[in-house]
There are 4 protein chains.
Amino acid sequence: MKQNPDHSDTLSALRRIEGQVCGVQRMVDEKKYCIDILNQIAAVKGALSTVEKRILERHFQHCVKDAMKSESETATSEKIAEIMDLINKRI
Amino acid sequence: MKQNPDHSDTLSALRRIEGQVCGVQRMVDEKKYCIDILNQIAAVKGALSTVEKRILERHFQHCVKDAMKSESETATSEKIAEIMDLINKRI
Amino acid sequence: MKQNPDHSDTLSALRRIEGQVCGVQRMVDEKKYCIDILNQIAAVKGALSTVEKRILERHFQHCVKDAMKSESETATSEKIAEIMDLINKRI
Amino acid sequence: MKQNPDHSDTLSALRRIEGQVCGVQRMVDEKKYCIDILNQIAAVKGALSTVEKRILERHFQHCVKDAMKSESETATSEKIAEIMDLINKRI
């Protein structure tokens, strides 16, 4: 069976995101102004979106392409259903 | 000067989010399937949105209300500009 | 009773949006490429968001401000609940 | 050259959306309450998203699949770039 693609180049971003979440906790603790906390949370979500895009692009280049080339209708349908499910939650 | 509202009831959620981000790092490390990682990232963003809403609601109930009651046109305009800026980034 | 604010300065944008929706129908009719149709739909949604923001800003400057100045806790709570409901659907 | 897929099953939805946009114009004309107008605009955007998803799903099932099966690296890369561009604007 084929291995899943390697996304380890997102690890440093994910560690930075972990640090940002700690930063939000600190802002809450120090009773910072609501809008500043909200902007920091928006920054965390933006950073997560960047990671999402990188993983999704690699998913297309590996898993989706392999399934579509496999000529297996089931594999192709399954990949499309997974992606549509992902997109449906976001559009 | 008035103090900023207390959002410390979001701290346990923020600690859980920190743990979820670590979980995503683990999934990347263990080469889990792309779609599963993406769904976990979506869960983190959803949890952050819940925190955002709680902070925003309190911001309305305290900061915005105070500014609007203050009869100061500058304070009111400033609060509206801040909120519109926040919303503009999200709509 | 106070009148609702006037949003008639959004009418020309709304008429343009109506035209854009007709344009999308034409693209579908003429079997244009999927991605081009999708980009046009995204443009319509973007134009609707611009109208939304203008109406929302005026809503803050009139309805929300009036309710908050009224010192009526019920009126204020109602406005905040309405806005949070609106934001909850969008964040 | 292959024809683009047929999306004419979205036409009735697109005509309904055109009618909804006219409805929003009428609400603005009749000075309806801001929140009611905003909810109606949100409904239009939701209806557009439903059309988007249907077109996007067909795009995967036809254009993306064909490109990926074609074994042409350029065609595949182009399709992935198009989809990522579409998703980048939305995530």
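**Through which surface do chain C and chain B meet, and what share of the interface residues of chain C are also interface residues in chain B?** The two copies meet through the same surface, because 100% of the interface residues of chain C are also interface residues in chain B. Keep in mind throughout that this is a predicted model, in which local features need pLDDT of at least 70, side-chain atom pairs count only at pLDDT 80 or more, and totals for chains, interfaces and linings use all residues. Residues are numbered from 1 along each chain as its sequence is written, while chains are lettered from A and ligands numbered from 1 in the order in which they are written.

**View 1. Chain A on its own.** Welcome to a chain with 3 helices and 0 strands, arranged along the sequence as α-α-α. Its radius of gyration (taken over C-alpha atoms) is 18 Å, well over the 12 Å that the globule rule gives for 91 residues, so chain A is more spread out than a compact globule. That rule is 2.2 Å times the number of residues to the power 0.38. The C-alpha trace of chain A spans about 55 × 25 × 15 Å along its principal axes. Helices here are DSSP runs (H or I, at least four residues), as are strands (E, at least two), numbered from the N terminus.

**View 2. Where chain A touches chain B.** Here 39 residues of chain A are in contact with 39 residues of chain B; contact asks for C-beta atoms, placed from the backbone, within 7 Å. On the chain A side, the elements giving two or more residues are α1 (11-29), α2 (34-69) and α3 (73-88). The largest share, 16 residues, comes from α2(A). By class, this side of chain A has 22 nonpolar, 7 polar and 10 charged residues. Ala, Val, Leu, Ile, Met, Phe, Trp, Tyr, Cys and Pro count as nonpolar, Asp, Glu, Lys and Arg as charged, and the others, Gly among them, as polar.

**View 3. The axes between copies.** Chain C superposes on chain B through a rotation of 180 degrees with 0.0 Å of shift along its axis (RMSD 0.0 Å). Among the residues of chain C, K69(C) comes closest to that rotation axis, at 2.5 Å (C-alpha).

View 4. Chain A and chain C do not touch, with their nearest C-alpha atoms 10 Å apart. Chain B and chain D do not touch either, and their nearest C-alpha atoms are 10 Å apart.

**View 5. Around V24(D).** Leaving aside neighbours within four places in sequence, V24(D) is in contact with L14(C), I37(D), Q40(D), I41(D) and V44(D).

**View 6. Confidence along chain A.** The mean pLDDT (the predictor's confidence in each residue, from 0 to 100) of chain A is 92, and 98% of its residues reach 70 or more. Within chain A, α1(A) has the highest confidence, at 98, and α3(A) the lowest, at a mean of 89. The model scores ipTM 0.94 and pTM 0.91.

Definitions and conventions: Least-squares fit on C-alpha atoms with pLDDT ≥ 70 in both.
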